[in-house]
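The stops below are given in the order in which they may be selected.

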Amino acid sequence: MEALNQVLRELRARYVELNPNSHAADRAAENHLPGGNTRTVLHYDPFPLTMQAGVGAELIDLDGHRYVDFVGEYSAGLFGHSDPQIKAAVDRGLESGIVMGAPTDYERQLAGVICQRFPAVDQVRFCNSGTEANVWALTTARMLTGRTKFIAFHDAYHGGFLKFPGGHCKLNLPFDFQLAEYNDTEAAEALIRSVGDQLAAVIVEPILGAGGNIPGDPEFLHTLRQATRETGGLLIFDEVKTARIGPAGMQGLVGVKPDLTTLGKFLGGGLPIGAFGGSQEVMQHFNPKHENSWNHAGTFNNDVCSMSAGCVAMGEIFTPERAQEFLDWSEGFRVSLNQAFSERALPMRANGLGSIIAIHFSRAPTRRTSDITAGCRALRPLLHMELLLDGILVCGRGDFFLSLPMNDSHLERAKDALLRFGENHRDLIEHTLEAAG
Ligand SMILES: Cc1ncc(COP(=O)(O)O)c(C=O)c1O
């Protein structure tokens, strides 16, 4: 590990030298924000870059460096930073009145687009974030079933208070969760049956995101559907990220119809948004025209900018046809990365599906989080820092999110940078994987 730490120290020293303005801005922010930060995932050592501008799929930092942005706002940045149609839609929203405190055409139109798009969503309600959407979905399951127990998966992320990195998290809301291992079909089925008639819902990401962008095996997802149906619990698909996979999200791709679907991230064209939806029968509980309906609140649920941008984003730009083309194009890139890694015998894999990718240090695809070795985790900061110094921004944990304004030359640059990284550090990677296990 000493060799790895030494290389990291050298890279970070270069980074500090190249980024005096970001360094100073980070220091100054420490006075009023703990660690200069208001979103933990955006922190990395020694300090994160401060961005001053975004154009298309590129970002420019305070010191004037330009990057290809594969952080892609952790998938919310699907439309990039300056789409003229989205900007015009936001302007229209603002023109119409900023806080009208009444229904508008925008949310009605966006709801129509979403319900046409996702097979399991007949009706939808909006909220402010993916986290909120998941809290609403869990609460809906509790109300509908009269039960209180939930099943989720190790290393799943469903929001700031609903996350399971390495197990239960003390910051979580006090829902009663039991955890199973992702893609372990037998164990998940056994747990569902053992919780049985106390199970309110299983919540699952059809691609396990923060846990390593691990696609759910179709058999695993179908089994969750079958077993929850048999025990009377609900199945919640958290498609906050994965709704971008193809025209109808992962539910469309694998042919599983969950009881509830949660959405967010890119749905508002990059503006704050969340949504949860399901069958008419379930969602009618929120119908305020009915007696004893459930009160769903939220001042900004129908914020005009998010709703107006969402209409254009989902209705005009990311149409089902465009979503299919984007999936094919981005999956072609992912497959080509794996070909290039194996031709060079590099212990690297582009895990994931389509525009949701994570680089893992391994020669085999990752199917479960237990496949991710300590060595793989230890190498992530090296990959992150070296790509950054090469003009390619990726998430600290090795995620790449592709965006619509990217073109073939952006992808070529990323591929070249990854191969350069692999060749430059081949021995160090092999050694770290062997030493750390
Ligand atoms: C799968 C998944 N669900 C829910 C969330 C929470 O969304 P938000 O950050 O909008 O609250 C995220 C955010 O990263 C996510 O990846």
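Begin by selecting A345, which sits in the loop between helix 11 and strand 13; helices (H or I, at least four residues) and strands (E, at least two) are DSSP runs numbered from the N terminus. A345 is exposed because 9 other C-beta atoms lie within 10 Å; a residue counts as exposed at 12 or fewer such atoms, as buried at 20 or more and as partly exposed in between, with C-beta atoms placed from the backbone. A distance drawn from A345 to L253, C-alpha to C-alpha, spans 32 Å, and the two are 92 residues apart in sequence.

Two remarks apply throughout. Residues are numbered from 1 along each chain as its sequence is written. The model is predicted: local features need pLDDT of at least 70 and side-chain atom pairs count only at pLDDT 80 or more, while totals for chains, interfaces and linings use all residues.

Next, colour the chain by domain: domain 1 is 2-81 + 322-436 and domain 2 is 84-317, with bounds from an automatic or database domain assignment. Their centres, taken over C-alpha atoms, are 27 Å apart. Between them, 26 residues of domain 1 are in contact with 24 residues of domain 2, contact meaning C-beta atoms, placed from the backbone, within 7 Å. On the domain 1 side that touches domain 2, helix 11 (320-343), strand 13 (349-353) and strand 14 (356-360) each supply at least two residues. That side has 10 nonpolar, 11 polar and five charged residues; Ala, Val, Leu, Ile, Met, Phe, Trp, Tyr, Cys and Pro count as nonpolar, Asp, Glu, Lys and Arg as charged, and the others, Gly among them, as polar.

Now select A201, I236, A275 and I392, which touch the most other members of the largest nonpolar core, a set of 122 residues. Such a core consists of buried Ala, Val, Leu, Ile, Met, Phe, Trp, Tyr and Cys residues joined through C-beta atoms within 7 Å. Helix 10 (residues 304-317) provides the largest share of this core, eight residues. Centre on A275: among the residues it touches are I114, F126, A133 and L267.

Which residues come nearest to the ligand? Of the 15 around it, they are S129, G130, T131, G159 and V240, where a residue is near if its C-beta atom, placed from the backbone, lies within 6 Å. Finally, show helix 5 (residues 130-145), which gives the most to this shell, with three residues.

Key
Contact = placed C-beta atoms within 7 Å. Lists of a residue's contacts leave out its neighbours within four places in sequence.
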